[in-house]
Amino acid sequence: MSCPHVAGVAAYVKTFHPHWSPSTIKSALMTTAFPMDAPRNQGAEFAYGSGHINPVKAIDPGLVYNTVKGDNIRFLCSIGYDEGSIKNIAGNNTSCPKNNTKMLPRDFNYPTLTALVPASKPFKVTFHRTVTNVGVARSTYNATIATLLELEIKVVPHVLSFKSLTEKKSYKVTVSGKALGEQSMVSATLIWSDGTHNVRSSIVIHTYEGVRGTV
C-alpha cells in the first residue's frame, strides 16, 4: 500500500509547486520523512527506505537534490546497463556518454548516500552531492551527523550559505570504518539544518553483493 500513498502525497506536493520536477518532489518526500526504528524493522533502510513520509513537511523541504535525464542515464550506465537497455528505458537512441567511466554510482545526486564495500576490509568512501535552495532566500545550513562509533564521517564544507532561491551548493561526505562482515550493513544520518528546515539523508554502507542502487 505504500505506492498509492506516496503517489497521492506526490500529487499533493505538486499542487503547491506545479513547476517542481519529479526528482525535486521525490527529494522533498525523502528528506522530510520521519526516521523509523531500525531494530524493529529487519533490513533497516533497505526495508523502509528514508522513513515514513510527512506530506505537510514535504511542501517546504528547504533544500532538494535535483537530477535531470542525463544524470539518470549516466547512473544506469555506471551500474552496467547495456546500450540496448538504455535505449528501451529512454525511448530513443540515447546511449552511454563517452566519459561514463568517470562516474561512480554513489555520486548520483540522490537524497541518500549508499555504497557497496568489500567485506572483511577497512573502507573509506567519498560521496559528492549538490543541493538546491527552495526554502528561504538568505539562509545558512549546518551539517550534523548521527552515527555509530564504528563509523567516522566528515562533511566538507560543513556549512552551506545561500543568498537566493534556486541557488546550488555542493559538498562531499567521506565515510570510513573498520571491516564489515559478509552480508552486513551500517548506517548513519546526515542532517542539514537552518533552524527551521531539517534536510535528512540516510548514509548506508553495506556488503550485500548485487545491491548497487540507492536506498
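## Disulfide and cores

With sulfur atoms within 2.5 Å taken as the criterion, the count in this predicted model is 1 disulfide. The bond joins Cys77 to Cys96, with an S to S distance of 2.0 Å. Distant parts of the chain are linked by this pair: Cys77 belongs to helix H5 (residues 69-78), while Cys96 sits in the loop between helix H6 (83-90) and strand E2 (113-116), 19 residues apart. The disulfide is left-handed, because the torsion about the S-S bond of Cys77 and Cys96 is about -95 degrees.

| Residue | Relative accessible area | Class |
|---|---|---|
| Cys77 | 7% | buried |
| Cys96 | 26% | partly exposed |
| Cys3 | 60% | exposed |

An unreviewed UniProt entry places the feature "domain: Subtilisin-like protease fibronectin type-III" at residues 107-205. Over residues 107-205 the chain is 61% strand and 0% helix, and the end C-alpha atoms lie 14 Å apart.

The largest nonpolar core has 27 residues, of which Tyr171, Val173, Val175, Trp192 and Ile205 touch the most other members. At least two residues of this core come from each of E2, strand E3 (123-133), strand E4 (139-146), strand E5 (151-156), strand E6 (159-162), strand E7 (168-177), strand E8 (185-193) and strand E9 (198-206). Beyond its neighbours within four places in sequence, Ile205 is in contact with residues including Ala115, Phe123, Val175 and Met185. Another core, of 9 residues, lies apart from the largest one and has Leu76, Cys77, Ile86 and Tyr110 among its members.

How values were computed. Residues numbered from 1 in each chain as written. Predicted model: local features only at pLDDT ≥ 70, side-chain atom pairs only at ≥ 80, totals over all residues. Heavy atoms only, no water. Helix = DSSP H or I, 4+ residues; strand = E, 2+ residues; numbered from the N terminus. Buried < 20%, exposed > 50% of the residue type's maximum accessible area, 1.4 Å probe, protein only. UniProt positions renumbered as here; feature names shortened; annotations may be inferred. Core = buried A, V, L, I, M, F, W, Y, C linked by side-chain atoms within 4.5 Å. Contact = heavy atoms within 4.5 Å.
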